[in-house]
Amino acid sequence: MARLSTPLTWLALVTVTASAQAGDSEASRFPYDPGCAWGRLSDGRGVLVRCLSREEAQGLSRSTPAAHPAASAPTANPGGPAPAASGAPSAAASGSSAPTDAPTLSAELVEVKAEKGELPLARRKLGHPLAQYAQCVKDHGGLLANTAEVTVSFLVRERGRAEGASAEKFKGMTAEAAQCIAKIVDRRPVGKPADNSVPAAALIRITAKRREPSR
């Protein structure tokens with residue numbers, strides 16, 4: 001270990017001495033590139049092409065354009081939505097508003113029938129989520145006619161719930177809307193049946209009512 005310390009110390013002294021002899025104008029700059037005092041050109045992949053001369057470096061520093069004002073301007077609302085295109089007038093500027101004659105949907109439980117006996121809770125329990133039935137149609141294609149109907153069939157056992165509900169037949173709505181209504185009916189209490197296992201069905205109607213346009 002004592003033999004290696006002398007060459008390493010001598011090499012460090014030579015490096016410091018060479019850096020000091022580079023002149024105050026070059027050694028005072030930081031960071032200082034000992035290979036290319038005035039900068040270097042590369043091929044974009046980190047490979048040195050050649051060093052710049054002093055005249056080239058000074059010319060580049062004088063010809064660098066200033067940053068465009070629009071690039072440095074702060075954004076008024078960085079987290080907000082993008083501004084509308086300049087060619088398209090905004091709703092507030094044009095005075096337009098959302099259409100007021102859009103139809104509103106309302107649901108009605110027309111009837112609930114069991115093949116045997118009565119279901120004492122059926123009309124009250126299945127008539128409760130009327131707004132949800134209408135929302136199913138609204139979310140799944142809307143009405144295909146002014147009036148739509150779906151017959152939801154199910155089985156009632158000792159627990160008194162609508163089990164295995166499915167859209168048996170429907171019209172004026174999409175299949176997705178009919179199945180959505182059937183899922184809402186499924187597992188809802190309808191009352192204990194007259195027998196251990198009784199098939200039943202519920203007829204649900206959806207109608208559209210148009211609002212009068214505001215004057």
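**Salt bridges, core and strands**

Modeller: Let me start with a pair of charged residues: the side chains of E163 and R157 meet in a salt bridge, at 3.6 Å from N to O. Please keep in mind throughout that this is a predicted model.

Colleague: Are those two buried or exposed?

Modeller: E163 is buried, with a relative accessible area of 17%, while R157 counts as partly exposed at 43% relative accessibility. The cut-off that matters for E163 is that buried means under 20% relative accessible area.

Colleague: Which salt bridges share partners?

Modeller: Salt bridges with shared partners join E108, E149 and R205 into one network. The structure holds 5 salt bridges, and one of them is formed by the side chains of R205 and E108, at 3.9 Å from N to O. R205 lies in strand β6 and E108 in strand β3, so this pair ties together parts that are 97 residues apart in sequence.

Colleague: And how accessible are R205 and E108?

Modeller: R205 counts as partly exposed at 25% relative accessibility, and E108 is partly exposed as well, with a relative accessible area of 39%.

Colleague: What else is E108 in contact with, leaving aside its neighbours within four places in sequence?

Modeller: With those neighbours left aside, E108 is in contact with L130, L203, I204 and R205. From C-alpha to C-alpha, E108 and T207 are 8.3 Å apart in space, although 99 residues separate them in sequence.

Colleague: Which salt bridge does K113 make?

Modeller: The side chain of K113 meets that of E111 in a salt bridge, at 3.9 Å from N to O. K113 is exposed, with a relative accessible area of 53%, whereas E111 is partly exposed, with a value of 31%.

Colleague: Changing topic, how many helices and strands does the chain have?

Modeller: The secondary structure of the protein chain comes to 8 helices and 6 strands, and read along the sequence these follow the pattern α-α-β-β-α-α-α-β-α-α-β-β-α-β. Among contacts in the chain with a separation of 6 or more, 68% are accounted for by residues 24 or more positions apart.

Colleague: What share of the residues counts as buried?

Modeller: Of the 215 residues of the protein chain, 23% count as buried. The chain exposes about 15400 Å², and carbon and sulfur atoms supply 56% of that area.

Colleague: Which residues have the most contacts inside the largest nonpolar core?

Modeller: That core has 32 residues, and those with the most contacts inside it are L126, Y133, F154, M173, I181, V185 and I206. The elements that give two or more residues to this core are β3 (103–114), α6 (122–126), α7 (130–139), β4, β5, α8 (175–185) and β6 (198–210). Of these, α8 gives the most, with 7 residues.

Colleague: Take Y133 then. What does it touch?

Modeller: Not counting residues up to four places away in sequence, Y133 touches A107, L126, I181, I184, V185, I204 and I206.

Colleague: How does β4 pair with β5?

Modeller: β4 and strand β5, which covers residues 162–171, pair in the antiparallel sense over 7 bridges. L155 stands opposite E163 in β5, and E163 is the residue whose side chain meets R157 in the salt bridge we began with. The hairpin of β4 and β5 has 5 residues between the strands, and G160 in that hairpin takes a positive phi near 75°.

Colleague: Where is R187, and what is its phi?

Modeller: R187 is placed in the loop between α8 and β6, and its phi is near 75°, a positive value in a residue other than glycine. As background, most residues other than glycine have a negative phi. R187 is also partly exposed, with a relative accessible area of 39%.

Conventions: Residues are numbered from 1 along each chain as its sequence is written. This is a predicted model: local features need pLDDT of at least 70, side-chain atom pairs count only at pLDDT 80 or more; totals for chains, interfaces and linings use all residues. Side-chain values use heavy atoms; hydrogens and water are left out. Two strands pair if DSSP finds at least two bridges between them. Helices (H or I, at least four residues) and strands (E, at least two) are DSSP runs, numbered from the N terminus. A nonpolar core is a set of buried Ala, Val, Leu, Ile, Met, Phe, Trp, Tyr and Cys residues joined through side-chain atoms within 4.5 Å. Buried means under 20% relative accessible area, exposed over 50%, partly exposed in between (1.4 Å probe, protein chains only). Contact means heavy atoms within 4.5 Å. Accessible areas come from the Shrake-Rupley method with a 1.4 Å probe; for residues, only the protein chains shown count as cover. A salt bridge is a side-chain nitrogen of Lys or Arg within 4 Å of a carboxyl oxygen of Asp or Glu.
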